[in-house]
2 protein chains.
Amino acid sequence: MTTAARPSPRERLLETAAALSYQQGVGVGIETLCRTAGVSKRSMYQLFDSKDELLAASLERGAAAYTASLLPAADDARGHRERILHVFEQLEAQAGAPEFRGCPYLAVEMELKDPDHPASRVAREVKEGLAEFFRAEAAADGALSPDLLARQLVLVFDGASARAGIGADHLAGLIMPTVHTLLDAAGMR
Amino acid sequence: MTTAARPSPRERLLETAAALSYQQGVGVGIETLCRTAGVSKRSMYQLFDSKDELLAASLERGAAAYTASLLPAADDARGHRERILHVFEQLEAQAGAPEFRGCPYLAVEMELKDPDHPASRVAREVKEGLAEFFRAEAAADGALSPDLLARQLVLVFDGASARAGIGADHLAGLIMPTVHTLLDAAGMR
């Protein structure tokens with residue numbers, strides 16, 4: 001077995017924890033995580049204080065890429081409405097993948113049922129960042145109530161993630177008209 | 001210990017499975033379920049083929065009461081718009097309780113990540129019943145697109161359940177304006 005170009009045990013554990021908790025849920029066992037990552041339990045506990053910390057670190061590691069997969073690029077010159085719509089176009093596209101199980105950050109919070117869990121805190125920050133993006137775009141456009149609109153858009157984002165994640169809906173012909181209706185009602189141009 | 005007025009082992013298991021899976025998640029162990037219900041594992045396996053079957057049966061048992069807690073009474077003479085709004089008023093009221101963890105049927109589907117699990121099937125039927133209620137009310141009112149409106153309303157229902165269930169939002173001043181906007185856009189009177 002060569003380890004020349006192999007990621008470090010820490011990287012392998014983070015990657016495995018993110019993938020398996022997303023596919024199987026946060027209840028995935030330490031043994032399974034270590035075996036899949038090819039890391040001994042002893043090594044795992046030298047790298048992370050607990051499974052909870054490993055889970056939180058794996059979510060933190062993926063947060064920037066997840067947010068980037070949804071938000072428009074910083075130099076995207078489109079208007080505020082289009083920049084908001086971009087997020088939902090991305091979500092609809094992601095939801096079309098067979099391996100889609102919903103927003104990983106929502107799923108973790110729903111599964112843990114513990115707002116004080118370190119992984120719940122990471123998840124909350126990701127969603128607050130998304131809400132803040134919506135709020136800022138709405139405010140910059142002069143929308144009627146940027147706070148309400150941001151709450152509505154995150155609610156629709158999470159509802160759509162959840163519905164598509166469980167296979168109850170496919171979002172096509174649903175999410176975009178819904179968001180347009182809310183943007184119209186808020187007076188977004 | 002008297003057992004005079006005590007529910008049967010079957011009833012205790014169903015009640016315990018519903019309560020603990022809602023509070024802690026579907027990963028709650030057989031030992032914990034049996035100990036809390038005061039039923040031996042041997043007795044449990046005489047009553048249910050597996051923990052999966054117990055979970056599905058516990059969800060099935062609560063389905064009628066859950067739906068009744070949301071829908072208007074059969075003899076409720078209010079108009080279609082008010083009958084739909086009633087569901088979301090109930091959800092907002094339920095979400096105000098400190099023990100609220102979201103819609104139990106959505107939570108189970110998100111946690112199991114397996115549409116073929118017997119408990120997922122029960123959950124899906126409950127939600128399809130809710131969607132059908134919305135669709136029928138919208139159609140009876142002559143709404144523009146009853147199918148789309150029903151999908152939107154279930155999406156909002158699940159998004160609101162999820163957001164309030166994880167403590168990310170409290171729904172006050174959010175869910176009712178959102179539903180009104182969608183009903184207006186669909187031309188509901």
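In this model, 36 residues of chain A are in contact with 36 residues of chain B, a contact being two C-beta atoms, placed from the backbone, within 7 Å. The model is predicted: local features need pLDDT of at least 70, side-chain atom pairs count only at pLDDT 80 or more, and totals for chains, interfaces and linings use all residues. Residues are numbered from 1 along each chain as its sequence is written, while chains are lettered from A and ligands numbered from 1 in the order in which they are written.

**Interface**

- Five elements of chain A each supply at least two residues of the side that touches chain B: helix H1 (9-24), helix H6 (104-112), helix H7 (118-141), helix H8 (146-165) and helix H9 (175-185). Helices are DSSP runs of H or I with at least four residues, strands are runs of E with at least two, and numbering starts at the N terminus.
- H8(A) gives the most to this side, with 11 residues.
- The side of chain A that touches chain B divides into 15 nonpolar, 11 polar and 10 charged residues. Here Ala, Val, Leu, Ile, Met, Phe, Trp, Tyr, Cys and Pro count as nonpolar, Asp, Glu, Lys and Arg as charged, and the others, Gly among them, as polar.

**Symmetry**

- Chain A superposes on chain B by a rotation of 180° with 0.0 Å of shift along the axis, at an RMSD of 0.0 Å. That is the relation of a two-fold axis.
- Of the residues of chain A, A:Gly159 comes closest to the rotation axis, its C-alpha lying at 1.7 Å.
- The copies meet through the same surface, because 100% of the interface residues of chain A are also interface residues in chain B.

**Confidence**

- Chain A has a mean pLDDT of 96, and 98% of its residues reach 70 or more. pLDDT is the predictor's confidence in each residue, from 0 to 100.
- For the complex, the predictor gives an ipTM of 0.96 and a pTM of 0.96.

**Fold of chain A**

- Chain A has 9 helices and 0 strands.
- Its C-alpha atoms fill a box of roughly 60 × 35 × 35 Å along the principal axes.
- Of its 189 residues, 43% count as buried. Buried takes 20 or more other C-beta atoms within 10 Å of the residue's own, exposed 12 or fewer, and partly exposed lies in between, with C-beta atoms placed from the backbone.
- Among contacts in chain A with a separation of 6 or more, 65% join residues 24 or more positions apart.

**Core**

- The largest nonpolar core has 114 residues, and A:Phe134, A:Leu153, B:Phe134 and B:Leu153 have the most contacts inside it. Such a core is a set of buried Ala, Val, Leu, Ile, Met, Phe, Trp, Tyr and Cys residues joined through C-beta atoms within 7 Å.
- Beyond four places in sequence, A:Phe134 is in contact with A:Ile84, A:Leu149, A:Ala150, A:Leu153 and A:Val154.
- B:Leu153 lies in helix H8 (residues 146-165) of chain B. B:Leu153 counts as buried because it has 25 C-beta neighbours inside 10 Å.
- Not counting residues up to four places away, B:Leu153 touches B:Ile84, B:Phe134, B:Val179 and B:Leu182. B:Val179 is 26 residues from B:Leu153 in sequence and 7.2 Å away, C-alpha to C-alpha.

**Helix H2 of chain A**

- The buried residues of H2 (residues 30-37) are A:Leu33, A:Cys34 and A:Ala37. They cover an arc of only 90° around the axis, so they sit on the same side of H2(A). The arc is that of the directions from the helix axis to the C-beta atoms.
- H1 and helix H3 (41-47) are included in what covers these buried residues.
- Exposed A:Glu31 and A:Thr32 lie on the face turned away from the buried side.

Definitions and conventions: Least-squares fit on C-alpha atoms with pLDDT ≥ 70 in both.
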